[in-house]
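The exercises below each set a task and then work through it step by step. Please look over the sequence and the fold before reading the solutions.

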Amino acid sequence: MKTVARRKFAALSLAPLLGGWVGCDRGAADTEQRDLIVFAASSLREVFTDLSHRFMAQHPEVRVTFNFAGTGELKTQLEHSTSADVFAGADREHTAALVRAGICQGLVVFATNEPCMIVPLTPHSQLANFSELPNAARIVVGAPEVPIGRYTDQILERANKVLGSEFRARVLAKIVSRELNVKQVLAKVSLGEAEAGIVYRTDALLAQDRVGILDIPDEFNVLAEYTLATLTKAKHPTLARDWVELIRSRAGQSVFARFGFLPPSETKP
Amino acid sequence: MKRINVGHRAQTFALGVLAALLLAFLVIPIGCLILGTSWSQFWAGLGHPLASPALKLSLWTSALALVIVVTLGTPLAWLLALGRGRVSHLVETLVVLPVVIPPAVAGLALLLAFGRQGPFSNWFSEERGSLALTTSAVVLAEVFVSSAFFLQAALAAFRRIDARLLIVARSLGASPFQLFFRIALPLAGPGLVGGAILCFARALGEFGATLMFAGNLQGKTQTLPLAIYTAMESDLRAAQALSILLLAVALALFFGVRFAERRSHASVEGRL
């Protein structure tokens, strides 16, 4: 008997809690807090975070949630889930593949970015320009599976034709790691574990207090195209389009310029 | 009487439903991984350029990590098992700490300790740099994350030894080495083997600390888990095949542990 009484008491004391919980849920539905979920390449972290404050100021009921990772990893995630509204990749290929698969739609190029060479800010760093890259004792670059790594391979390929057939082989012999995203390359160079690395200029600019930036000559360099597409099964298609519009707007583009991105129209040989 | 039985059955059923939910959740992903990969995909995946160097590197670095852990860890576990004071209690807590430290944290800690900004950086020439981003770093990361698994098992195995045996041996004049090699090791043997297998399995699966501390270079630091992560960027089917390969090795090790455990219990019972 005793236990039954106690159980009833427990049930009664739980009731208001449950009621409160259900009520709370309904209250949230009224004000309609919505989540815009953006999957974006890790090199977009800072500029997108900046833009999200602008976006949330325009849409007070919306919360922008990001998933930053390597472009290829994001693509794989999108192929196996439908939990995003917008995809922003660091190249054209991955986004185009998602559009072909019917997962995304409306591909636009919204910014470009230039790879550059970085060196640690230590007094004994003796590298003065890109052609001295093979003199670095240890080099860290992106993996060939991710856009920055593919761009790096293209740059080395082009440099090889001009700087001599040994250039590429000498650089490859010094590579100690091929990281899966730009931030890891940056981390390893800024910690001094590598004497040189190749990252996007925007990432290098954000770490100017830790790394020195050396230009890659235009004749070797490639231009990374950032592409944006909305998910065909987006939960908030209107918000997704608003996000794309903000990025392409004059205000949005000026934020990109401030972070060191180049406009999409820029073309390189 | 009958009502109680019905009630009992309902309660058992309720417990069974809860248990089955977790069981299903644990089994379904592994099932999907295996069933979602056809034989031809599996073979193609094994032929993927990332596969063979990564498998070789994983096996030999894990084996080396195991040798280091067993050589240094067995005496440590034995001394801890003998120890009764607060110091040994504290040390015991310290050595199992890596079990609860997230691998990414371990990787960052290793990078700061053995990297160029760490206290040992002047041991290395400017040219060599540091231990970070080398194959040695892979082994160190594996030792760091896997040693606790061996130590825990070894400690338990040593503590199962009947204390009276040690007292008798000491009274007959056995030296500390004789005690360790002639009595402790043979009696704790199966338990140590089980711990060693767990340690090897953990080293083989190590990912986070390796990624941060050792980097990702084929043939040098790209172990099987890193190759799976790298393959995810371009070719999911290769990642699946590599995952199944790692799973097969892990399962083989798991049954090895089971076998060692059974022998351990049998031998303890046999001796009592």
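Two residues are in contact if their C-beta atoms, placed from the backbone, lie within 7 Å. This is a predicted model, in which local features need pLDDT of at least 70 and side-chain atom pairs count only at pLDDT 80 or more, while totals for chains, interfaces and linings use all residues. Residues are numbered from 1 along each chain as its sequence is written, and chains are lettered from A and ligands numbered from 1 in the order in which they are written.

**Exercise 1.** Describe chain B by its elements and its contacts.

Solution. Begin with the elements, where helices (H or I, at least four residues) and strands (E, at least two) are DSSP runs numbered from the N terminus: chain B has 11 helices and zero strands. Turn next to contacts between residues of chain B at least 6 apart in sequence, of which 80% join residues at least 24 apart.

**Exercise 2.** Work out the strand order of the open sheet in chain A, and find its edges.

Solution. Five strands of chain A, with mixed pairing, lie in the order β7-β6-β8-β5-β9, where two strands pair if DSSP finds at least two bridges between them. Because β7 (175-179) and β9 (211-214) of chain A each have a single partner strand, they stand at the edges, and one side of each is left without a neighbour in the sheet.

**Exercise 3.** Examine how β5 and β8 of chain A pair.

Solution. Strand β5 (residues 115-120) and strand β8 (residues 196-200) of chain A run antiparallel to each other over four bridges. Within this pairing, A:Met117 has A:Ile198 of β8(A) as its bridge partner.
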